[in-house]
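Please find below a short note for a colleague who is meeting this structure for the first time. It goes through the points in order.

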Amino acid sequence: MSENWVGRRIEVEVGAVAHGGHCVARADGRVVFVRHALPGERVVVEITEDKGGSFCRGDAVRVLTASPERVDAPCELAAPGGCGGCDWQHASAAEQRRLKAVVVAEQLQRLAGLDWDVEVEELAGGLEHWRTRVRLAVDRAGRVGFHRHRSHSVIPVRECVIAAPGTVDVLVERSWTPGSSVEVAIDATGRTHASEVVGKRGTRVLGGPVAVERAARREWTLDARGFWQVHPDAADLLAEVAGQWAAPAEGAVAWDLYSGVGLFASVLGRAVGPGGEVIAVESSRRAAEDSADNLVDMPWVRTFAGRVEHVVESASLPDPDVVVLDPPRKGAGRPVVDAIAARAPRRVVYVACDPAALARDVALFAGHGYALTGLRAFDTFPMTHHVECVALLEPAQA
Ligand SMILES: C[S@@+](CC[C@H](N)C(=O)[O-])C[C@H]1O[C@@H](n2cnc3c(N)ncnc32)[C@H](O)[C@@H]1O
């Protein structure tokens, strides 16, 4: 059996960025995924995880030759042994977006065989204090904090560089139940909602059960613990882009899959008008109820509470002119892609929070003759490795 490298310090030349918030280096014929480094740097990496095989993981603990794009991380926890919530605090804003663009392009190339020149677009508001929804852990002393990277231990915090004011800062003076987690959100009205969560059960501690948000020229009311984009400008921006690209004809049928509280369904509903129909599908019963309540002024939007993979099998669903889908991190997968393609929509707009899942599903759509004809990527999660993409797929020209 080969020697375990954990704890070993090695000098390496840092290569390309890889998906997940790290860069690739090589040592003694193995791949080392290095955090806290940037491409082109020479660093000393300390190995933190080695499960054998061709790769291991490590943290750059000393920078010998720094990238010109390196900056001082504003948070001391964005460092080896820290919280791991932010991957790129040590990179300039432009470099963060460049790294994400490289990752999106690389995933499309590797998983879908596509060469695409990707640009990641900046949102207003800068790199700090943007995050309106945060989940924290509680330590044994009842203090909120974040899990140490790839660990269950909790680092207590009094603030968070990327969290919006009115989230983490309002939690720190309280004592919380050890072992619970705390979900906090600040909504568009500036109201803070916080719940202490044990298992799946949340007990409201601050604010009310209903958050109010604004996007796509509407006001939304939703479960304060339910899904909503965490960057304050993201929901509106994504709705605009998805609406422009989907562009269903008046009177047409549109599907909004993984519809949450109906953000994209509202845009599609406005476009198709009362003579058309929108089918929204969402597995969370509460979100589906919020969707129906929010869109009560558009009775031609029908919300189905159920899993997309089951609902789209239903022969009674009308064929869509266009489909918008916004699946969770793992993507839609083959059964859903097959079911969409079988209905031959004119356009598919795919909103993706994971570029690997997007690329896998783009490849599946290609198998049905759909080509990627548009891609926009947005830095809706500054300082982290996360990136939001909107892809347009259309039947390839014969
Ligand atoms: C990324 S969110 C998108 C929500 C919405 N499009 C928005 O922008 O606000 C994904 C949504 O899919 C739902 N979901 C996850 N798995 C699902 C499934 N198999 N079928 C239907 N909905 C699902 C989640 O509850 C969540 O609301």
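This is a predicted model: local features need pLDDT of at least 70, side-chain atom pairs count only at pLDDT 80 or more; totals for chains, interfaces and linings use all residues.

1. Helix H2, length. Helix H2 runs over residues 234-246, which makes 13 residues. From first to last C-alpha, H2 reaches 18 Å, close to the 18 Å expected at 1.5 Å a residue. After H2 comes Ala247, with a positive phi near 35°.

2. Helix H2, burial. Is H2 mostly covered or mostly exposed? H2 is mostly covered, with ten of its 13 residues buried. Among the buried residues of H2 are Leu237, Leu238, Val241 and Trp245. Ala234, Ala235, Ala239, Ala242, Gly243 and Ala246 are also buried.

3. H2 against H3. Helix H3 covers residues 263-272, and its axis lies 9 Å from that of H2, at a packing angle of about 40°. An angle between 35 and 65 degrees counts as oblique, and H2 and H3 are therefore oblique to each other. The crossing of H2 past H3 is right-handed. On the H2 side, the contact is made by Ala235, Ala239, Ala242, Gly243 and Ala246. On the H3 side, Leu263, Phe264, Val267, Leu268 and Ala271 take part.

4. H6 against H7. Which helix crosses H7 at roughly 40°? Helix H6 (residues 334-342) does, and its axis comes within 10 Å of that of helix H7 (residues 355-366). That angle makes H6 oblique to H7. H6 passes H7 in a right-handed crossing. Arg334, Val337 and Ala341 of H6 meet Asp361, Leu364 and Phe365 of H7.

5. Helix H7, length and burial. The end C-alpha atoms of H7 are 16 Å apart, in agreement with the 16 Å that its twelve residues should span at 1.5 Å a residue. Nine of the twelve residues are buried, so H7 is largely enclosed by the rest of the structure.

Key
Residues are numbered from 1 along each chain as its sequence is written. Helices (H or I, at least four residues) and strands (E, at least two) are DSSP runs, numbered from the N terminus. The expected span of a helix is 1.5 Å times one less than its number of residues. A residue is buried if 20 or more other C-beta atoms lie within 10 Å of its own, exposed if 12 or fewer, and partly exposed in between; C-beta atoms are placed from the backbone. Axes are lines fitted to C-alpha atoms, for helices over the stretch in contact, and angles run from 0 to 180 degrees between N-to-C directions. Angles under 35 degrees count as roughly parallel, over 145 as roughly antiparallel, 65 to 115 as roughly perpendicular and the rest as oblique. A crossing is left-handed if the near helix is turned anticlockwise from the far one by less than a right angle, and right-handed if clockwise. Two residues are in contact if their C-beta atoms, placed from the backbone, lie within 7 Å.
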